[in-house]
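Please load the model in your viewer and keep the sequence panel open beside it. The stops below are meant to be followed in order.

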Amino acid sequence: MSVQQETHGFQTEVAQLLKLVTHSLYSNKEIFLRELVSNAADAADKLRYKALSDPSLYEGDGELRVRLSVDREAGTLTIADNGIGMTRDEAIEHLGTIAKSGTADFFANLSGDAAKDSQLIGQFGVGFYSAFIVADKVVVRSRAAGVDTTAGVEWTSGGEGDYTVATIEKTGRGTEIILHLREEEKEFLDEWRLKQIVSKYSDHISIPVEMWQEGTPEREEGGETIPATEGQWQAANKATALWTLSKSEISDDEYKEFYKHVAHDWEDPLLWSHNKVEGKQEYTSLLYIPAKAPFDMWNRDNKHGLKLYVQRVFIMDEAEQFLPQYLRFVKGLVDSNDLPLNVSRELLQDNKVTQALRGALTKRVLGMLDKLGRNDDAKYQQFWSQFGNVLKEGPAEDFANKEAIAKLLRFASTANDSSVANVSLPAYIERMKEGQDKIYYIVADSYAAAKNSPHLELLKKKGIEVLLMSDRIDEWLMSHLTEFDGKALVSVTRGDLGLDDLSDEEKAEQEKQAEEHKPLLDRVKEALGEKIKEVKVSQRLTDSPACIVTDEQDMSSQMIKLMQAAGQPVPEVKPIFELNLTHPLVAKLEQEVDEERFKQWAGLLLSQAMLAERGSLDDPSEFVAQLNSLWLELSH
Ligand SMILES: Nc1ncnc2c1ncn2[C@@H]1O[C@H](COP(=O)(O)OP(=O)(O)OP(=O)(O)O)[C@@H](O)[C@H]1O
């Protein structure tokens, strides 16, 4: 008997997802079973957790499991669990909408190319909806733990635009998913096939996945009577929580499958680390680095964190207290023996055990990445391309581990001929010139702007390597990273380059020049007035006539741009104007006797330098007017 039947439309994104699922995930269709079993195991975990404080929720049935059964005549495969179940409202919410933040944006960005989109969809996580890869009708019958048997729900959909829900009576607690298999998917009615899939994907799910084993009648064999056996449910998987085993008992494939269950990812992970720790703290951690960044990594509401278990009992998903923000891409679990079973999110917050675990797990992740960086360049590059920009938040967030994080950073460099960020600070230091005691870098708007910046000219000539940075976060990163391995990190667009350590002679020469050309410097300062802070003889240019640099104490151009983009007020910063005395244009300027023309030339050089450094001018029309007027004079 069912009452209160209603039809609902799917959330737009669900309808889109379903269309994609049925059309593009076909090549790996058997994983629908992994996804549904994974959900059943999650539902068992949730019930166990709730029952810690209210054991009556078990209703006398505390052996949590999932059962697979087939009905050949009806052409159905049923996946039934006795986990937490769903109420009518929960079924509508969980099976009719997607709650992930950023979902609409994600769908808006799909390309329409089935092959590409199917990859993305895998990353997005299809979960329950994968049922529609093999079924043209799905019926979900569920009853939540602790509610009356008359408050069950039946959810039915053909995977098109809508679904129906009805209130039903359901004696057993938990969820039953009945798949009406498509004509061409009848292979999933074959028990052998199902067993094979279960042991392939779900061996180490913590609950048994059971299948019905028919009984046998009494029979005679070799003159002996073998008694009849009764039919019974038998587990088709090992049903041991993977992390409780020792490493030597676990194959790589098992680690990978388990990752897909904990991380809700469809792809293999890049790397993992499994550790049992005993002594002052007792815990097991299994930490994974995904191969690809999730679509919503930059979304502020993105959920992240580890699964928390206490003494093998699931406590919560997405416990974000165990790792810092800049490691939010790490997936996996921690199973603690020291936390109380009734620990809540609030209690985790200021807890000593949590703090200690966070410290240890952070070190573990940084250590795992460091090892990868040293042993496998290609894999490390893959990691860096996906998560490098998240890791760059580290030095600002985690002072204690600054040096360890800095070791993991990678940058493009003048030592390479490509924009690939693959130079580490230790590698830079190894290549440093005799007498060089600083690490030089530049932050610009793009790789090309960084690489071709005039500020690099002299360093290039001297064969000194400069790290080239052009990610939005780089300026902020470098403002927190001023030293590595005892060496100062110096921006080539700021203050003094400190090259004097390289050659006393050159320094003396520069001072001499500054003295000799003081009248020129004074005239330029006079001509440009309030636009600049100071005029100096440049020690960094060889080919360009002039450049601007930022005073040590002032905010850099890149930082100003960042703050402007974020709508923040910025202080007015005047640049230091540096002239290259060896450049013919500067020589010409020095000889100019007409003060008006001198002013125009000086203004033009300043505008050029501003353009090269900032990519734009406060008053572009002034620049154009100056340029045109000088051209006209030249052509006379
Ligand atoms: N067997 C089940 N028992 C109880 N609730 C379930 C069951 N299957 C699904 N649900 C509910 O439906 C929700 C949606 O499931 P679905 O598999 O689509 O997503 P998910 O598991 O949350 O994440 P992902 O899409 O990444 O797999 C679940 O979060 C859960 O609340």
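**Before selecting anything**

This is a predicted model, in which local features need pLDDT of at least 70 and side-chain atom pairs count only at pLDDT 80 or more, while totals for chains, interfaces and linings use all residues. Residues are numbered from 1 along each chain as its sequence is written. Colour by pLDDT, the predictor's confidence in each residue on a scale from 0 to 100. The protein has a mean pLDDT of 90, and 98% of its residues reach 70 or more. The model scores are ipTM 0.96 and pTM 0.81.

**Stop 1: the domains**

Colour four selections: domain 1 (3–214), domain 2 (242–384), domain 3 (410–491) and domain 4 (504–553 + 568–635). These bounds come from an automatic or database domain assignment. Keep domain 1 and domain 2, whose C-alpha centres lie 26 Å apart. Across this pair, 20 residues of domain 1 are in contact with 21 residues of domain 2, contact meaning that C-beta atoms, placed from the backbone, lie within 7 Å.

On the domain 1 side, select α2 (31–53) and α5 (114–124), the elements that give two or more residues to it. α2 gives the most, with 7 residues. Helices (H or I, at least four residues) and strands (E, at least two) are DSSP runs, numbered from the N terminus. By class, this side of domain 1 has 6 nonpolar, 9 polar and 5 charged residues. Here Ala, Val, Leu, Ile, Met, Phe, Trp, Tyr, Cys and Pro count as nonpolar, Asp, Glu, Lys and Arg as charged, and the others, Gly among them, as polar.

**Stop 2: the ligand**

Which residues come nearest to the ligand? Of the 16 around it, they are Ala43, His94, Gly125, Gly127 and His264; a residue is near if its C-beta atom, placed from the backbone, lies within 6 Å. α2 and α3 (88–96) each supply at least two residues of the shell, and α2 gives the most, with 3 residues. The shell divides into 7 nonpolar, 8 polar and 1 charged residues.

**Stop 3: helix α8**

Select residues 252–263. The 12 residues of helix α8 should span 16 Å at 1.5 Å a residue, and the end C-alpha atoms are 16 Å apart, which agrees; the expected span is 1.5 Å times one less than the number of residues.

Show the buried residues of α8: Glu257, Phe258, Tyr259, Lys260, His261 and Val262. Buried means 20 or more other C-beta atoms within 10 Å of a residue's own, exposed means 12 or fewer, and partly exposed is in between, with C-beta atoms placed from the backbone. The buried residues of α8 pack against several elements, including α2, α7 (191–201) and β12 (269–277).

Next pick alanine 263, also in α8. Alanine 263 counts as partly exposed because it has 19 C-beta neighbours inside 10 Å. Leaving aside neighbours within four places in sequence, alanine 263 is in contact with Tyr288, Pro290 and Lys331. After α8 comes histidine 264, whose phi is positive, near 50 degrees.

**Stop 4: two loop residues**

Glutamine 311, not a glycine, has a positive phi of about 45 degrees. Look for glutamine 311 in the loop between β14 and β15 (313–319). Aspartate 485 also has a positive phi, of about 55 degrees, and sits in the loop between β20 (483–484) and β21 (487–491). Is aspartate 485 buried or exposed? With 12 C-beta neighbours inside 10 Å, aspartate 485 counts as exposed.

Technical notes. Two residues are in contact if their C-beta atoms, placed from the backbone, lie within 7 Å.
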